[in-house]
Amino acid sequence: MKFDIKEDLILLREFFHLSQEELAAKTGIDRVTLSRTEVGETSPRFELLDRIYSFCFDEGLKLNCQKEMLYKDDLKKEHILLSHASRNGIDGQITVDKGKAFNDFGKGFYCGDSYDKSASFVCRYPESSVYFIDFNPTNLKSIKFEVDTKWMLAIAYLRGTLNDFKDSKILKDIIDPILKADYVIAPIADNRMFQIIDTFISGEITDEQCKHCLAATNLGMQYVFLSETSIKHLKVLERCFLSTIEKNYLKYQQIEFQKIGFDKSKMARIQYKGKGKYIEEILK
């Protein structure tokens with residue numbers, strides 16, 4: 001899927017009250033090239049796209065965030081707007097088979113519930129983009145997790161770090177519903193969060209300490225589509241371009257959030273020390 005540069009050029013010029021000549025001057029793009037792009041006569045290169053969307057973001061218009069709000073306004077009843085972050089774009093049809101086996105919930109198609117959070121995961125990749133997706137959950141089987149012990153155990157098991165407890169009935173009762181679900185809703189567990197979970201699995205901290213450390217990171221919720229049936233309930237609405245300036249903004253924001261999350265996590269380990277249960281007590 002290509003970017004909606006034609007429509008966005010018209011929108012941006014009207015929003016900023018600019019003629020083609022004025023926009024060309026502000027972005028350093030040849031006016032003829034800009035004109036041909038606006039009417040769809042040419043397929044723009046990365047540099048042109050980056051100049052246009054960087055100009056937009058630099059002028060204070062967070063276009064992709066605005067689009068997120070507008071799409072939510074237009075959603076049908078019961079439908080959910082999701083964001084899919086991609087390093088290189090979606091290649092061909094959406095499928096559950098392209099994900100890595102040791103992601104949070106194994107292979108599947110992963111989406112987030114927030115554009116900003118999704119974009120922050122791919123802002124360090126040169127060809128990354130974010131897709132807006134309309135999801136209709138009607139007649140699908142789902143399971144939802146919160147930041148709790150069940151979720152921590154599920155993530156650890158599916159990432160392959162609970163082999164010593166693979167015969168545990170407690171684990172079986174947690175994993176079986178996932179295997180039967182079309183999709184899962186759960187907190188996002190990036191590598192930084194999994195490092196915290198690993199300290200719980202290794203017996204360094206209790207489940208209560210771990211839970212509060214993870215809650216401090218506040219990465220949002222993810223929707224993981226595990227069945228081909230669930231994929232049929234997804235409709236890609238648009239592919240959003242991430243400009244260099246927006247990526248730099250997201251990187252800075254990410255560093256700030258990580259610092260706050262690290263400090264909160266450190267405080268939680270101290271405050272909840274001795275409270276809760278260790279992994280051996282839970283799965284004995």
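Residues are numbered from 1 along each chain as its sequence is written, and side-chain values use heavy atoms, with hydrogens and water left out. Because the model is predicted, local features need pLDDT of at least 70 and side-chain atom pairs count only at pLDDT 80 or more, while totals for chains, interfaces and linings use all residues.

The open spaces come first. A pocket is an open set of points, on a 1 Å grid over the protein atoms alone, with protein on both sides within 12 Å along at least five of seven lines; a cavity is a set of points where a 1.4 Å probe fits but cannot get out, and lining residues have an atom within 4 Å of a point. Grid points are joined across faces, edges and corners, and a volume is the space filled by probe spheres set on the points. The largest pocket has a volume of about 1700 Å³. Its lining consists of 50 residues, with A85, R87, Y110, F121 and V122 nearest the centre. At least two lining residues come from each of β1 (80-86), β2 (109-112), α6 (115-122), α9 (191-201) and α12, and α12 gives the most, with eight. Helices (H or I, at least four residues) and strands (E, at least two) are DSSP runs, numbered from the N terminus. The lining divides into 17 nonpolar, 21 polar and 12 charged residues, where Ala, Val, Leu, Ile, Met, Phe, Trp, Tyr, Cys and Pro count as nonpolar, Asp, Glu, Lys and Arg as charged, and the others, Gly among them, as polar.

Helix α12 (residues 244-271) also contains A268. This residue is buried, with a relative accessible area of 5%; buried means under 20%, exposed over 50% and partly exposed in between, for a 1.4 Å probe and protein chains only. Leaving aside residues up to four places away in sequence, A268 touches H212 and C213, contact meaning heavy atoms within 4.5 Å.

The second largest pocket has a volume of about 350 Å³. Among its 22 lining residues, K2, F3, S43, P44 and L49 are the closest to its centre. Helix α1 (5-16), α4 and β7 each supply at least two residues of this lining.

For the second largest cavity, of about 30 Å³, β7 gives the most, with four residues.

Two helix pairs complete the picture. The axes of α2 (residues 20-27) and α4 (residues 46-58) come within 10 Å and cross at roughly 95°. Axes are lines fitted to C-alpha atoms, for helices over the stretch in contact, and angles run from 0 to 180 degrees between N-to-C directions. L23, K26 and T27 of α2 meet R51, I52 and F55 of α4. The axes of α7 (residues 149-158) and α8 (residues 169-180) also come within 10 Å, crossing at roughly 75°. The residues of this contact divide into eight nonpolar, no polar and one charged.
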